[in-house]
Every structure is written in C-alpha cells, then in structure tokens.
Amino acid sequence: MRAARLIKMVLLLQSRPSMTAAELARELEVSERTVTRDAQALSEAGVPVYADRGRAGGYRLVGGYRTRLTGLHRGEAEALFLSGVPGALREMGLEDAASAARLKVSAALLPSLRDAPRTAAQRFHLDAPNWFQEPRTPELLPAVAEAVWDDRRITARYLRHEREVERELEPYGLVLKAGVWYLAARVPQAGAFRTYRIDRFTGVAPLAETFARDEEFDLPGFWAAQAERFARSIWRSEAVVRLTVEGVRRLPHVVDPLAAREALAAAGEADADGWLTVTLPVESEEVAHTQLTALGPEAEVLAPQRLRERFGREARRLAALYDAERVAEA
C-alpha cells in the first residue's frame, strides 16, 4: 500500500515543477503529516525530493530526476493500455502519436510486463457506436482535435436549424457519445460554454491566437450537466403509470433513465397487489406510447386519458389478433 503511494508521489512530482503538501495530500488521499513522512522516506531511499520552506514552498524533485516505470504491477500496466480508444484516436488523427507513446511505455516496463498490451487487447475492446448505425467520422474532426490540443481559437461555420452560422470558438474538449462527436467550446462573445455536434460543422479555420484555458473547467462534469439539461428540456408532458414489480425493474431500460429515476424516487408505496403508481416525465404522447408499449402487461397507463384510450384500442386489437377461437378455426 505504502510502496504504491510512494511511487505515485514520485510520478506526481515528476509531472509538475512543484507541489505543496496540501496538494499532495489531496492527490494521495492522506494527511499532510503522512506526506512529510513519505517525502523523508523517499529522500532516504535516494530519490532527490527537496522541500522548499515558506508560504510559496512545496516539494519538488532536484536535478531533473526521472524514474522508469518499474513500479507498475500487472494490473496497472494492463489498465494503462486500456486507457486509449484506438478508433477514436484514429478519427482525431492521433493514431501515430498514440502508437509511439505505447511503444515508449512498453520499452520502459519490466520484462515480465512486456506482454501487457497483448493481454489487455485480448480481453477488452470498446465499440463506441450504437447498434444498427453506420459510424461516420466527421471530415473536420482532425482539424477541431488539433485546435483542442493546441488551445487555439477557431472560426467555425455550422448548420443551425438548416441555416449556416459562423462563430469564433475556444475549443475546450471533445466528447464521443454513442458514435457521435461533440465539441465543448467557449464562445468569447457570450462568455459561455456550449456544445456543438461536429458533423454539423461545414467549415473550420484555425486562428493565429491561442486562448488561456480555464483550469477549473471540468469536461466530464460539463458534459454530464449538459446531458441532463438536454434530457429535461425535451420533457413536455407527464404520464401516470401503474407498474408491476417487473415493470419497475424494466422501466429504466425503456424510457430515459433520468426520467425513470426521478419518477421512481418520487413514488409512494406499492398497493396491496404490488403495483406502484409513478408520474413519469415524457417527451410527448407519441414517444411515451412507443416506449411504454415495450412494458406490455407490466404497465397500465392511467393518464392522460387520450394516451390511456390509445393503449386500450391497441389492447383490443391485439386481443382480436390472438383470440383463442380464431386460432382454433385456423
């Protein structure tokens, strides 16, 4: 446990000019007193860790000290080679750089771990696109990716409601969601972050100037908030539904998971027969009908009345199609 923490501490100091005791304690999830003891242990072991005193002080490595990756155990080495997504790297134009990096890491590993790339590839593969969809790489993705890496402003033209619009953007990050590429960018004129589908870009031109990245920007957090905001924005109505125990279990698999989670959290107790009544936010009656049909007899729509009547009509049609006497006559 401590050995792994000491290795992590060396790698953290190796990646930055210096770090305070508080910063190291936060990264290592220990107390500052433990950081002090670990720094002393590293120094005694021959690792040149130096402590600068004073308010602006901290810990740093002396003399450009570097360590080889000999502290990795097998699980860590294999996880390292899972961190890249080959298809995504290829689409961004980074396949050659990623390949070179993997070769350098492999060369630094102990001989007993040199097969980590092969063993990881044998066991895991990420296929990002949805089923039944032909993945398409946006033509302008490499240009956008290069601007993201360089923190370079771009002028982008994109289709907005069938109309072409031009914006100056500060490209912060890329997100691959179900086979679709998105750009999280700051619009300088508006001072706000927005999301753009890259396959809607019709032109991208890098500008001469770079931008100062907001180090507080959290791409995963921003994306999660945007995804939730989008899901809520399309909820236009509600459906009151009774669910069996099996219906409750299957609900998050047939409707928006966020909608299911909120509906189930706000529901009361199940009735004497085990049925649970929920109020489900839905996009429209049409969408609700399509989604809830997948639950079959595990769900009963109580409201709105028009949606309930629609399910009733279809139930009668199904009953007629599967009428026992009719099947017997056939």
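Reply: Happy to! One term to begin with: a residue is called exposed when its relative accessible area is over 50%, and buried when it is under 20%. Also, keep in mind that this is a predicted model.

Me: Okay, so is E162 buried or exposed?

Reply: E162 counts as exposed, because its relative accessibility is 77%, and the cut-off is over 50%. You'll find E162 in the loop between β3 and β4 (163-177).

Me: What is phi of E162 near?

Reply: Near 65°, which is a positive value in a residue other than glycine. Most residues other than glycine have a negative phi. D151 also has a positive phi, near 55°, and D151 sits in the loop between α8 (141-150) and β3 (152-160).

Me: Switching to peptide bonds, which one is cis?

Reply: The bond from A303 to P304 is cis, with omega near 0°. P304 is in the loop between β10 (299-303) and α13 (305-321).

Me: Now the inside. Which residues of the largest nonpolar core touch the most other members?

Reply: That core has 22 residues, and the ones touching the most other members are V241, L243, L251, V278, L280 and L292. At least two residues each come from β8 (237-243), α11 (257-266), β9 (276-282), α12 (285-293) and β10.

Me: What is V278 in contact with, leaving aside neighbours within four places in sequence?

Reply: V278 contacts A239, V240, V241, L243, A263, L264 and A267. There is also a second, separate core of 20 residues, with A147, Y158, L183 and A185 among them.

Conventions:
Residues numbered from 1 in each chain as written. Predicted model: local features only at pLDDT ≥ 70, side-chain atom pairs only at ≥ 80, totals over all residues. Heavy atoms only, no water. Helix = DSSP H or I, 4+ residues; strand = E, 2+ residues; numbered from the N terminus. Buried < 20%, exposed > 50% of the residue type's maximum accessible area, 1.4 Å probe, protein only. Core = buried A, V, L, I, M, F, W, Y, C linked by side-chain atoms within 4.5 Å. Contact = heavy atoms within 4.5 Å.
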